[in-house]
Amino acid sequence: MILDRDSVQKPIRIRLRRPDNWHNHFRQKGDPRFAPTVAYIARQFARANAMGNIDPPILTATQMIGYWNDIREVAKAAGFLDFKPLMVVMASPNTTPAMLTAAFSAGAYGVKIMPANATTNSAHGIIDYKDPKFLDVLRVTRDQRRTALFHAELPSRPRAVRERAFIPILDQIRKKIPDLKICVEHISDAQMVEWVINQGDLVCATVTPHHMSVTSDMADQDPHLQCMPYPKSLQDVFAVRTAAMSHPRFFYGSDNASHLRPAKERTDASPASGVFTAPTELPVLVELFEAHGHLDQLEEFLCERGAHWHGVPLNQGEIELVRNPWDVPDVIDLCNGHEIVPYNTIPH
Ligand code: NCD
Ligand code: ZN
């Protein structure tokens, strides 16, 4: 990393290895959010995850290849010829070992496990973590040295404790399949942070910008900050942030998850869950790491730890971030009046 500071020691220019984003939602072809999101992400990242909770969900190798093609086509049209989507397949109660093997052979680095109805487009998700069919899915993942990516929440519990309530399930899985590689996605709870740290090298976590800054009080007042896992206490934010700024098994996954204004600002039902970080995420991360005196950890967190943990080569090439005044718009018109509110939370 190359860092230039001005006369009052504020960073003015940072050069980093091209970064990775290990958790991200592009949405899908035909959706007004799709092409603008791919462009925002591909502009900033060499590689980014393409989470498969679209409609219909990505459950098979064929669907995954189709989705990969759609993303690549749009990225190329926007001028990002070498952008690499990082593909996963979603688990459902009907996923078979053969389906998974085919998806892994087609390039999936893991299988995403979402609890049924815990979050956006998760109706196909898992209900019974003791189901022998589900355990077979995990065994194939272990045998093929891929990763089980967990949305680690128990939706039947109050949202403030949903993530910690999932720890006993992870403990049981580790007991049955100790050599399974597990990633706890968008970690949000101090108890889960401690759990991940205590597990050793086969367990990691992805961390979002908002779970390093946003508390439940803030989210209660702003639907655009609401996501699953729901933001938690200041103590949880502190634990997540401290791990991100110091621990080799905590790395970046923005969980960029766009929802248009009407879905976010509705008053007849709960707002849609998900935070639109794509337009602002790298500047936000620089500010956050700088505010906490850990800019020296940013390149590891953003560009290196995830690749090391997943066993893929580091990206070649660099990006340069230059400090310039920028009034982040309150609302972005994605196309034809489809409005969306970008994330722009100042660090705690
Ligand atoms: C995500 C989405 O909108 O797709 N929402 C969210 O609140 N994080 C789904 C997810 O990752 O849970
Ligand atoms: Zn997500």
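Start with the loop between β12 (332-333) and β13 (339-340), where Asn336 is found. Strands here are DSSP E runs of at least two residues, helices are H or I runs of at least four, and both are numbered from the N terminus. Phi of Asn336 is near 50°, a positive value in a residue other than glycine. Asn336 counts as exposed, because its relative accessibility is 77%. The cut-offs: exposed is over 50% relative accessible area, buried is under 20%, and partly exposed is in between, with a 1.4 Å probe and protein chains only.

Housekeeping. This is a predicted model: local features need pLDDT of at least 70, side-chain atom pairs count only at pLDDT 80 or more, and totals for chains, interfaces and linings use all residues. Residues are numbered from 1 along each chain as written, chains are lettered from A and ligands numbered from 1 in written order, and side-chain values use heavy atoms, without hydrogens or water.

Gln9 is not a glycine, yet its phi is positive, about 70°. Its place is the loop between β1 (2-5) and β2 (11-17). Most residues other than glycine have a negative phi, and most peptide bonds are trans.

Now the cis bonds. Asp55 and Pro56 are joined by one, with omega about 0°. Pro56 sits in the loop between β4 (47-50) and α2 (61-77). Met228 to Pro229 is also cis, omega near -10°. Pro229 lies between α7 (216-221) and α8 (234-244), in the loop.

Met228 brings us to the ligand. Which residues come nearest to ligand 1? Of the 15 around it, they are Arg27, Thr119, Met228, Asp255 and His259. "Around" means a heavy atom within 4 Å. That shell divides into 3 nonpolar, 10 polar and 2 charged residues. Nonpolar is Ala, Val, Leu, Ile, Met, Phe, Trp, Tyr, Cys and Pro; charged is Asp, Glu, Lys and Arg; the others, Gly among them, are polar.

Polar contacts next, meaning N or O pairs within 3.5 Å. A polar side-chain atom of His25 is 3.1 Å from a ligand 1 oxygen. For His151, a side-chain N or O atom lies 3.3 Å from an oxygen of ligand 1. A polar backbone atom of Ser273 is 3.0 Å from a ligand 1 nitrogen. Taken alone, ligand 1 exposes 310 Å², and the protein buries 100% of that. Those areas are Shrake-Rupley, 1.4 Å probe.

Terms used
Polar contact = N/O pair within 3.5 Å; in protein donor to acceptor, adjacent residues only side chain to side chain.
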